[in-house]
Every structure is written in structure tokens, then in C-alpha cells.
Amino acid sequence: MVEMLWLLGIPLAGGILQALAGQHRYAAELGVGLSFGTLLAAAALTVRVIADGPMLVFGEQFFIDPFNVFLVALTAFVAFTTAVFSRPYMRIEEHHGRLSTGRLRLYYSMYQLFTFTMLIGLTTNNMGILWVAMEAATLTTVLLVSLYRTPESLEAAWKYFILCGVGIAQALFGTILLYFAAERTLGTGGNALLWTHLDQSKVLLEPTVLSLAFVFLLIGYGTKVGLAPLHNWLPDAHAEGPTPVSAVLSGLLLNVALYAVVRCKVLTDGALGNHFAGNLMMGFGLLSVVVGTFSLSRQIDIKRMFAYSSIEHMGIITFAFGMGGPVASFAALLHMTMHSLTKSAIFFAVGHAAQKSGTQIMENIRGLIRTNPTVGWGLALGTFAILGMPPFGVFTSEFLILTTAMHEHSWSTPILLISLGIAFAAIFGKIQPIVFGETTLPRLPHPPAILPVFVHLAMVLVLGVYIPPALAEWYRQAARFIG
């Protein structure tokens, strides 16, 4: 299948090419071109899946349906806009002496390989390869988080590697248990790990073993999602790594890990015939919402604050997927889209704000409206969007999730409402002086790449007011495949 070859081949070849020539003065432009090529391949694949329906390719090793092709398109788009943002951002970092040409080469090559591992994880039909892809994504991002080679960044990278390594080991054990649950039905060959075969025979899988497997898979992949209490790596990785890495961690990697959990939930629901998997996801989701929310007001680093916001929102999405059903799944997919677009836009604005002031400490960042109006307005609008202010799309998705929770799990509604209110007060109170305060700081030495910020926010605004029928049908198809 040509679209799949281009989708996976471009970032893989790009990573190798950037490793060889990433110190060239046009390495940033090459990175943008490679990411744009990946986006075009993702768009072509999306069009084909919508027209022809789900498909198996390369000897059933890759499976594409409306659920994962939706995430493929979202991943390719955010990866492209982040590459556009990286171009001036990394040049400013080099201008400030924080990065050498060798580290820039490492960044550009690992960025392409990171994109490759995420796309492999999303499109593979083999649950074992999915585990390998998640581990490879961890290894590439460890190198990106430690890019500055400061004691703090090395500590954050080591913490990220250890915690996610322990988590991914749990996921490996869960994958082995999944194989044991399937081998009596599907045999001892490779078919026992192919998701399509597992899905077709899920009612015949050993329920006791599969329920235990899901626990390990949820803990393992939930560590990568940033679900509490497995979230401790995420704020450090965001705070100490380059801002483009923070954008793709929040906007992309967390989605891919949650995608793996949802695929496993579909199998568990079919085998057990009850809400065991959904209840676990709802519990971890609500705990993450509460922990993320009540951690916001204690933060003094702006990137750490928005990292805890990511924990909160991934908790909301996990809770929605745990509820299940067509409306909750539709809302979860919509919120996943809105969060990826909004949070990456916020990190773009935050990155330039931190470069302007020379710090990530919020009390030392003031007056963005005066020194860089576009950055200031981008951060202000992004904050309004992520806090669920209408008419932005986050309001729409949160409203759907809340109304579904009121109808099906009314006990959870006060927890969600109180948490959202506290998050609103904490973030808005800290961002207001950052945007509108007084300052004497100079402008940036290079013009910031602010276009990706407003492109993302414009999409979030449009989707909050009007969801095109074709896109709504796409979400509905994906929700049906989830079950």
C-alpha cells in the first residue's frame, strides 16, 4: 500500500538523513519538509480509509480503521506545525548558546524517529509491535528531554526513563498474559497477537487471564499517558526539555499511549461482558483529574503548570473512554483533538515567552502584550481555550462528557465540576499578570513562529462553533469501532 509506505518511510528516512546532515544550516527547513511530506501521506491514507473502509496491509501486520487513522492524521498535523515552530525556536536557542550544532543534529534526527515510532504504534495490528513502538518512543524522547545536558534536564530524563521503563515492563507482562489468554483459541502462532484476530474471537478469550492482563496493560501504558499516581515523570520532562518536545509529548505521545489502552479495553469488554475495564479507566481518570487540578496552584514554573493541566485533561479523556457508549466515545475523541491542538499551541506561545524573559518562572514573565503582542494574545487565547471557555471546542467536548456523566454516573459530576472550577481559577490567576503585567524586557532576537499558534486556535474555535458533517461522521465511525 503506497500511502503506508510513504507514511512510515518518510520519517524513518528523515531520521537517518538528519543524523547524517542535521548540522547543516538548512536542517530546520529539511525537518519542516519531511514533516509536511508525512502530513500529505497521512491525508492520503485518511481519504482512502474513509472511502474504502478499514483495511489490512503488509500481511495483516498493519490495520487501519477510522479510529487509528483519525489519530494518524492528528499526529502528522501536530508534528508538522511543531516542526514549523521549531525552526525559529531552535535558532534562538543556538543564538543564546544553549545548543550546539551537534545537539541540533540530535534533535532533528530524534524528532523524525519519534514521529516514526508513534505512527508505527498507531497503525500496527500486532500488540507486540505496539509495545516495541511505545518503548522506542520512550528512548527517542529521553534523548530529546536531556538535550540541554544540564543537571536538571539529565535528572528529568533519567526519571522519565526509569518510571516509563518500569511502566512499559508492566505493559510487556500484560501483553504476554494477553497472548496466553488467546493461544487456546487462536493457536500458538503469530495470529494470537494480531488485534483483528483477537477482536473477532474476543468472546472466546479466557476472561480471568484477560482481566489480569488489562490491569497490567492499563498500569503500563497508563504510565505513558500520565495517569495518577504514575504521572511524576511528566512535569519534569516538560519543564526541562525543549518546548517543541513539550508540545509533542502533551499533544501526541499521551494520545498514542491512551490509544493502546482503549484497544485493550475493547478486547476486555468483549471477553468479560461487563464494565470491569471501564470502571478501572474511570477510576484512574478521575484520580488524575483531581491530582492534576490540585497541583496547579502550587506551580511556579509555567511549563510544569501546563504539564499538570495535561494530566488533568488526559484524566478527563480516560474517564470518558471508561464510560463507553457512542456519546462518551465521541466526546472523548473530540476532547482528544481539542486538547492536542490547544495544548501544543499553548506550549508554542510559552516557549517564546520563556525565551523572551530568559526564565520559565512565572513571576518573572510579565507584559507579553507589550513586548510581543502576538505571543501574548496567543497565550491568552490558548489559556481561555484549554480552560473550556465557550465558544472554543474544549467547552463542547467537556460539556458532552459532563452531561453524559450526569446521566450515567451522577456521582462523578461534582468531582468533575469542582476540579474544573479549581483549574480555571488556578491557571487564569497565574496567566493574567504574565500577559497583561508591566515589563521592561526587550523583544526576541528572531521573529517567533506564531502562525502555528493561531492556526491551532482557529481550528479549536471553528470546531467549537461548527463540526462539519463529514468530520462528525468520522468521529461517529471511530466511536463505533471503539464500541
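Visitor: Which helices each supply at least two residues of the lining of the largest pocket?

Guide: This is a predicted model, so to speak a calculated picture, where local features need pLDDT of at least 70, side-chain atom pairs count only at pLDDT 80 or more, and totals for chains, interfaces and linings use all residues. Residues are numbered from 1 along each chain as its sequence is written, and side-chain values use heavy atoms, with hydrogens and water left out. Helices here are DSSP runs (H or I, at least four residues), numbered from the N terminus. The ones that each give at least two residues to this lining are H2, H3, helix H13 (326-357), helix H18 (451-465) and helix H19 (469-482).

Visitor: And which of them gives the largest share of the lining of the largest pocket?

Guide: A pocket is an open set of points on a 1 Å grid over the protein atoms alone, with protein on both sides within 12 Å along at least five of seven lines, and a lining residue has an atom within 4 Å of a point. For the largest pocket, the largest share is five residues, and they come from H2.

Visitor: How much space lies in the largest pocket, and which residues are the closest to its centre?

Guide: Volume is the space filled by probe spheres set on the grid points, which are joined across faces, edges and corners. That gives about 350 Å³ for the largest pocket. Of the 17 residues lining the largest pocket, the closest to its centre are Ala73, Leu74, Phe77, Met459 and Trp474.

Visitor: What about the second largest pocket: which element gives the most to its lining?

Guide: About 260 Å³ of space lies there. Of its 19 lining residues, Glu93, Arg98, Tyr148, Gly358 and Gln360 are the closest to the centre. H3, H9 and H13 are the elements that give two or more residues. With three residues, the one that gives the most is H13.

Visitor: How do the residues of that lining divide by class?

Guide: Charged residues do turn up in the lining of the second largest pocket. The division is five nonpolar, nine polar and five charged.

Visitor: Which helices each supply at least two residues of the lining of the largest cavity?

Guide: The largest cavity has a volume of about 70 Å³. Its lining includes Phe63, Met127, Trp195, Tyr259 and Arg263, and by class it has five nonpolar, four polar and one charged. The helices that each supply at least two residues are H5 (127-145) and H10 (243-272).

Visitor: Which helix gives the most to the lining of the second largest cavity?

Guide: The second largest cavity has a volume of about 50 Å³. Among its lining residues are Gln18, Ala28, Ala83 and Tyr107, and helix H2 (27-52), helix H3 (66-95) and helix H4 (101-123) give two or more residues. With four residues, the helix that gives the most is H4.

Note on methods. On a 1 Å grid over the protein atoms alone, a cavity is a set of points where a 1.4 Å probe fits but cannot get out, and a pocket is an open set with protein on both sides within 12 Å along at least five of seven lines; lining residues have an atom within 4 Å of a point. Ala, Val, Leu, Ile, Met, Phe, Trp, Tyr, Cys and Pro count as nonpolar, Asp, Glu, Lys and Arg as charged, and the others, Gly among them, as polar.
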